[in-house]
Amino acid sequence: MKPLSRRRFALMALSAPFALLGAEAARANLIETLLSRAHNPRHDDELWVLVEDREAALSVYRGNRMLERFAPISLGRSGARPARLRGSNVTPLGEFRVNRFNRESDWHIFIGLDYPTPTHARMALEEGVYSQQDYDDYFDYYRLRGYPPQQTALGGFIGIHGIGKGDPEIHQQFHWTQGCVAVTDDQIERLASLIDIGTRVVIR
């Protein structure tokens, strides 16, 4: 991946929701505030993805018009929450961007997301999961490589993938992933044909 220019990175960081919030609100409501408006398309023609924990469904939208809906889907074995720690098997809630495709994955196709986002990093700092040094290191890594570090206390390697070598029957009945969003192999092929690098993905 191409490194972000300083100007582009600064604009991205400054536009993150925590920059607009007071510290007190940020501690409790960073992700909730983000999700309260994330379901609104950025423009009428935006192609974006909505993953709904309660509905166990993934929908692809063009603006406000639904193009595809996949259900049931599987999330992390420990559910979906705003805060996620490495090894917790939790699917992180929030707003993400697709940043990679792996078509040789054990999960058939893996569509990577840019977790942990600057919002998750800020929340980790506010909650004491990140030290100030961890937080600074996060942004140094992101600036240098153009994607977030995957080996911090927040974990990483979050994405949307197929069943691949998994069990289709378990997929129909249980949330079984380590924090990713799983759909069937046919569905991940369809999804991969619709979206691209930079597509916005909302998990709520």
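Student: Leaving aside its neighbours within four places in sequence, what is Asn 89 in contact with?
Tutor: This is a predicted model, and in it Asn 89 touches Gly 76, Arg 77, Ser 78 and Gly 79, as well as Thr 177, Gln 178 and Gly 179, with residues within four places in sequence left aside.

Student: Where does Asn 89 sit?
Tutor: Asn 89 is in the loop between β4 (80–81) and β5 (91–92).

Student: And does Asn 89 count as buried or exposed?
Tutor: Buried: the relative accessibility of Asn 89 is 18%, and the cut-off for buried is under 20%.

Student: How much space lies in the second largest pocket, and how do the lining residues divide?
Tutor: The space is about 310 Å³. The lining residues divide into ten polar, six nonpolar and three charged.

Student: Changing topic. What is the strand order in the open sheet of eight strands?
Tutor: The order is β3-β2-β1-β10-β6-β7-β8-β9, and the pairing is mixed.

Student: Which strands stand at the edges?
Tutor: β3 (65–70) and β9 (181–182). Each has a single partner strand, so one side of each has no neighbour in the sheet.

Student: How does β1 pair with β2, and how with β10?
Tutor: β1 and β2 are antiparallel, with six bridges, while β1 and β10 are parallel, with four bridges. Leu 50 shows both pairings: its bridge partner in β2 is Ser 59, and it stands opposite Val 202 in β10.

Student: How many of the residues of β1 are buried?
Tutor: Six of the six, so β1 is largely enclosed by the rest of the structure. In a regular strand, side chains alternate between the two faces of the sheet. In β1 both faces are covered, with Leu 47, Val 49 and Val 51 buried on one side and Trp 48, Leu 50 and Glu 52 buried on the other.

Student: Now β6. Which strands does β6 pair with, and in what sense?
Tutor: β6 (residues 94–105) is antiparallel to β10 (residues 200–203), over four bridges, with Phe 96 opposite Val 201. β6 also runs antiparallel to β7, joined by five bridges. The β6 and β7 strands form a hairpin with two residues between them.

Student: Where is Phe 101 in that, and what stands opposite Phe 101?
Tutor: Phe 101 is in strand β6, and Ile 111 in β7 stands opposite. Ile 111 in turn has Ile 160 as its bridge partner in β8; β7 and β8 pair in the antiparallel sense over three bridges.

Student: What does Phe 101 touch, not counting residues up to four places away in sequence?
Tutor: Phe 110 and Ile 111, then Ala 192, Ile 195, Asp 196 and Ile 197. Phe 101 is partly exposed, at a relative accessible area of 24%.

Student: One more helix. Why is α3 described as largely enclosed?
Tutor: Because eight of the nine residues of α3 (residues 118–126) are buried. Among them are His 120, Met 123, Leu 125 and Glu 126. Gly 128 follows α3 and has a positive phi, near 85 degrees.

Student: And what about the chain overall? How many helices and strands, and what share of residues is buried?
Tutor: The chain has six helices and ten strands. Of its 204 residues, 49% count as buried. Of the contacts between residues at least 6 apart in sequence, 61% join residues at least 24 apart.

Note on methods:
Residues are numbered from 1 along each chain as its sequence is written. This is a predicted model: local features need pLDDT of at least 70, side-chain atom pairs count only at pLDDT 80 or more; totals for chains, interfaces and linings use all residues. Side-chain values use heavy atoms; hydrogens and water are left out. On a 1 Å grid over the protein atoms alone, a cavity is a set of points where a 1.4 Å probe fits but cannot get out, and a pocket is an open set with protein on both sides within 12 Å along at least five of seven lines; lining residues have an atom within 4 Å of a point. Grid points are joined across faces, edges and corners, and a volume is the space filled by probe spheres set on the points. Ala, Val, Leu, Ile, Met, Phe, Trp, Tyr, Cys and Pro count as nonpolar, Asp, Glu, Lys and Arg as charged, and the others, Gly among them, as polar. Two strands pair if DSSP finds at least two bridges between them. Buried means under 20% relative accessible area, exposed over 50%, partly exposed in between (1.4 Å probe, protein chains only). Contact means heavy atoms within 4.5 Å.
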